[in-house]
Amino acid sequence: EQDTLDINENNSNSIIDNTYIPNKHMLELINSWAHIGEKIMHGNPSGLDNTISTFGGTLSFRKDLENSGKPIFSKIPNCPALRTLITNTKVPRETKVLVANVRKLREEKQEYVDNIWKGIDEIVNTFQNLVTDEEKMGKEDEYLYKAISSLFERNQNLLRNVGVSHPSLEIVCNHSKKFGFITKLTGAGGGGCAVTLLGIENVSTSGKDESNMKTKIKELMETLKIKEQFDCFECDIGGPGVRLNRVVVEEK
């Protein structure tokens, strides 16, 4: 199924500056081993985490229900870099237990849970249409930021309703909202990590940028780290995937 990703189709490795880019077959090998690690940890994972970490970019995932639930990964073209804050609540969670709880809830309230899944599916489709619509992509970053923030919030509400949020995750959501940001859980939920949308492409706290946005991000991070004792760090969604950077040490 990796053939559909159109990544490194040739069979040769390549080196750009000091960065070694593995060939397609090497990436597939790395991805296969990573998926085995995911299975050991989580039982029956989707494979999305290891696939996107290996190949990079921005991908969508769905199960092919007509083919035994086989995973289908598709690239999302022209997706802008999303600046995010990842917060580790340090609350351990058991993915297998959470999945079992949701399955049990669906057995008891199938229509209720199925409607939630439909809502999440609509969010994914809306996001893909948003970032691939040339007319909308031509608008200001602020427009995209508000639209994607709204999708983040809707997604968190639905996940909360299906029972996979956690008090620690809600703390991150509440603190973020005070500073004007939207947060949702990531992964299985039930603790673990939360992801906060900080901006689109050009929003950063690096360098000499003394903008109001930078101040808000710093204050949010201080609140989460000092008051709540959480770990957090900034990152971009949509990176390049597995790379090996060569480090040259000069002797003095």
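Helix α7 passes helix α8 in a right-handed crossing, a term for the near helix being turned clockwise from the far one by less than a right angle. In this predicted model, local features need pLDDT of at least 70 and side-chain atom pairs count only at pLDDT 80 or more, while totals for chains, interfaces and linings use all residues. Residues are numbered from 1 along each chain as its sequence is written, and side-chain values use heavy atoms, with hydrogens and water left out.

Two packed helices are described by the angle between their axes and the distance between the axes. For α7 (residues 167-178) and α8 (residues 212-227), the angle is about 145° and the axes are 9 Å apart. Val172, His175 and Ser176 in α7 meet Leu220, Thr223, Leu224 and Lys227 in α8, contact being heavy atoms within 4.5 Å. The residues of this contact comprise 3 nonpolar, 3 polar and 1 charged.

Beyond α8, in the loop between α8 and β8 (231-237), lies Gln229. Its phi is near 65°, a positive value in a residue other than glycine. Most residues other than glycine have a negative phi. Asn78, likewise not a glycine, has a positive phi of about 60°. Asn78 belongs to the loop between β4 (70-75) and β5 (82-88) and is exposed (over 50% relative accessible area), at 62%.

A further helix pair is formed by α1 (residues 24-42) and α2 (residues 48-55), whose axes come within 9 Å and cross at roughly 150°. The two are therefore roughly antiparallel, the term for angles over 145 degrees. Here too the crossing is right-handed.

Definitions and conventions. Axes are lines fitted to C-alpha atoms, for helices over the stretch in contact, and angles run from 0 to 180 degrees between N-to-C directions. Helices (H or I, at least four residues) and strands (E, at least two) are DSSP runs, numbered from the N terminus. Angles under 35 degrees count as roughly parallel, over 145 as roughly antiparallel, 65 to 115 as roughly perpendicular and the rest as oblique. Ala, Val, Leu, Ile, Met, Phe, Trp, Tyr, Cys and Pro count as nonpolar, Asp, Glu, Lys and Arg as charged, and the others, Gly among them, as polar. Buried means under 20% relative accessible area, exposed over 50%, partly exposed in between (1.4 Å probe, protein chains only).
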